[in-house]
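Thanks for coming, everyone. Please bring up the structure, and I'll talk you through a few of its charge pairs and its packing.

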Amino acid sequence: MYNSKMAYIGVLSASISGRTSFVLFLVSFVRPQNALVFQPSFLISNGPKVSAFLLGNTSRISLNLKTVSVSITTGSTGSPSCVTEATRWALTTEQMGKSAIRVQLTLNQSLHLCGENETSPDCCPKPQCVLETLQVSACLGSRPQASLLIQATINARLFPPHAGSDNNTVFPNQVYQPLGVCPCDLTSRACDVRCCCDQDCSNEDLKIFASHCLLGPFGGQVSPAPDFQCSVHSAENSPDWFEFLCVTSPPENNPYLGLFYQGDTIAPRPGPSFQEPVRSAPMPFTPYIQGSPVVTSDDKYFAIPQMVLGRCSGAPVAFLQNFEVECITRFNSCPTGPPLKTLQEDLSVDVLNGQGGVVKVNLTDDKTPDLFLSSGQGERLRCEKMTLALNYKFYWKENAITNISLTRTVGRVISNGILTTRYSVVFLNGDSMAEPNSGNPGYQVGRPVIAGILVNNTELIQRTPINVWKPVGDGLCSTDSMKPVVFGENSTSGCLLPIGKQNMTQCDLLRETVAALQSSLTTAAYVAQRGNPDLTTMTDWLNISFVTPNSSSVMNNNSGVCSDIPFHQHISVWSLTTSMVDGIPQREIQALEISYGMSTWALDCRGGSISVCEDPEKRQLFPIISSVTFFDIDTGPAKTRFQINFTEYDCDRNDVCWPELAFPFTRHYTGEPYFLSLAKGMVLVFMFVTPAILGTPWRQIRQAWRNV
């Protein structure tokens, strides 16, 4: 709801590389090589920056800028001139190729509105700060070759009268003044248009929209006087007895005030006494439960960067909840503070253990070689001792934390200002990871499929995930990561494996390499039937069925073609709905099968790819695929031919169900008493049956009467 006079429209720019390439391609066909032209030749700018392109033979070309006036009668600005005039715009150029120059104009003036007694030429005396027409001429010597017209219409910005760099926000005392005293104040340290209660708006700002202030609680009227106050008496609306029963109370005692804060009590101060002071008992400790935040010894949440609302920010660590996140940070200079630059005293903190004591974080540094992350053009920053990863391990027993170890990965980074850091938290009970269940009792859609292996010489299952490929970065199998299979979600993913001429001469080794990559996705031998399996009960687990691929006996090591490559690993899961808990279906896995698809790989030596077949150093990318499919086992009664052919009448698959048209007349309908719904139903039936049955006989009786 911003006033159009005060809106600041963004910068008009044509710096998109795709648009630039298209303009260069088009001009190369429609204009001679030596001709000069501005693209576009006319611009309307609402911001302090504007850019265009000069195309053609740009050698020995000079650019001149001046302010021109538009004729009222003819609408023209006159012929271009090679005379440069002093303006408040700065002209810069950038060579984009042999026949293209990027021209950019930047306004050398502040856009804040002048105060009452301010006479500085750098401010705007009125809301419409800039209104002028500029002409840029491309000259060869003293002869103009092309011209560009720019119509600049720029409005002033609204800045707070006392803008500063301090980010601290001071809130009033909520006991005497509501916290939401001005809900329409949405922007910190900036004037919000039509928000007349905004303290950041100056008197000049309020004059612009004083007659259009926002009304109601959103506009700052959050404490209206109650109807029973004597001050709201009105001769038109109040009854005669209002003056005898109204209440007189100060404005501070307002019921609306309680909507913005939770009340507090003030304990009385004890007076002086000669008795021996009673020693207070120690504060009872609070044991940790699953999901409760971990607290430090100074009563603060133990927080590390996590993914919150789509971005990384510090968030408390929850007890028995593991996570792993990757955060992308941009910087213009080498960081000097957390999270990219951390100190030992900031990480080695004391944490409450949940039993009345504290546990100190044990820090261990892991140094990595130099990371060269620079790509493209730009200044490269060389930053020392950067924090690349923080990996926490919390050891717990019952409702307490017994130990905390932290591995910090540090190293030197050479980058253009973009860095990806990793943070993880793992809770360990002894040496086993505390992994959450995927349902109770059955699987829930969206939870990981639980699998495991049998510990040697025991009947204890150790959890291991079933994974599929997770492409990242360049998509190569050497750099890709894995993601667990999620129950109820079909997926297909993969990675790329670079293969050269030398690999095609060793087909057996190539098959073993691909098979090893696919086998690394699934190391488990058992899968849990339900979402909360018991690690010590073998009846809760099923054997995973592996379908061994049929390998060919053809020897093709020297032909440049390798067959029977297990490039596709497919996971098939069959599940069954066994019960319902609070309306949520509980599903159990009945079987899990892992099969492989074969393919024949050969180097593509056609066209421009012939170098792959000749140069042993060249590589061709071949895909390796992993997929998962879930199948539902239907144990219900067999469907009739009518249900199969006429699905639109099936009540289980349609919102509109014709067989349930009489549902309001049955005892299952609880919207009103049964006798009322039955009576209404009988009336409706009578209204339909009477015309249907008596329509034709009455017509015949009337016709016979007329004939008589």
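Asp-508 is partly exposed, at 38% relative accessibility. Here, buried means under 20% relative accessible area, exposed means over 50%, and partly exposed is in between, using a 1.4 Å probe and protein chains only. This is a predicted model: local features need pLDDT of at least 70, side-chain atom pairs count only at pLDDT 80 or more, and totals for chains, interfaces and linings use all residues. Residues are numbered from 1 along each chain as its sequence is written, and side-chain values use heavy atoms, with hydrogens and water left out.

Which residue does the side chain of Asp-508 meet in a salt bridge? Arg-511, at 2.7 Å from N to O. A salt bridge here is a side-chain nitrogen of Lys or Arg within 4 Å of a carboxyl oxygen of Asp or Glu. Both residues sit in helix 5, residues 507-519. They are 3 residues apart, so about one helical turn separates them. Arg-511 counts as buried, at 15%. Helices are DSSP runs of H or I with at least four residues, strands are runs of E with at least two, and both are numbered from the N terminus.

Next pair. Asp-540 and Arg-530 form a salt bridge, 2.6 Å from N to O. Both lie in the loop between strand 24 (526-528) and strand 25 (541-543), so the bridge ties together parts that are 10 residues apart in sequence. Asp-540 is buried, at 11%. Arg-530 is partly exposed, at 23%.

One more. Arg-102 pairs with Glu-94, with the closest N and O atoms 3.8 Å apart. Arg-102 is buried at 14%, while Glu-94 is partly exposed at 42%. The whole structure holds 11 salt bridges.

Now the packing. How many residues make up the largest nonpolar core? It has 28. Such a core is a set of buried Ala, Val, Leu, Ile, Met, Phe, Trp, Tyr and Cys residues joined through side-chain atoms within 4.5 Å. Phe-38, Leu-54, Trp-89, Leu-105 and Ile-150 have the most contacts inside it. Elements giving two or more residues to this core include strand 3 (49-55) and strand 8 (143-155). A second, separate core has 24 residues, among them Ile-304 and Leu-406.

Last stop: Ser-405, in strand 16, residues 400-415. Ser-405 is partly exposed, at 21%. Its C-alpha atom is 5.2 Å from that of Lys-393, 12 residues away along the chain.
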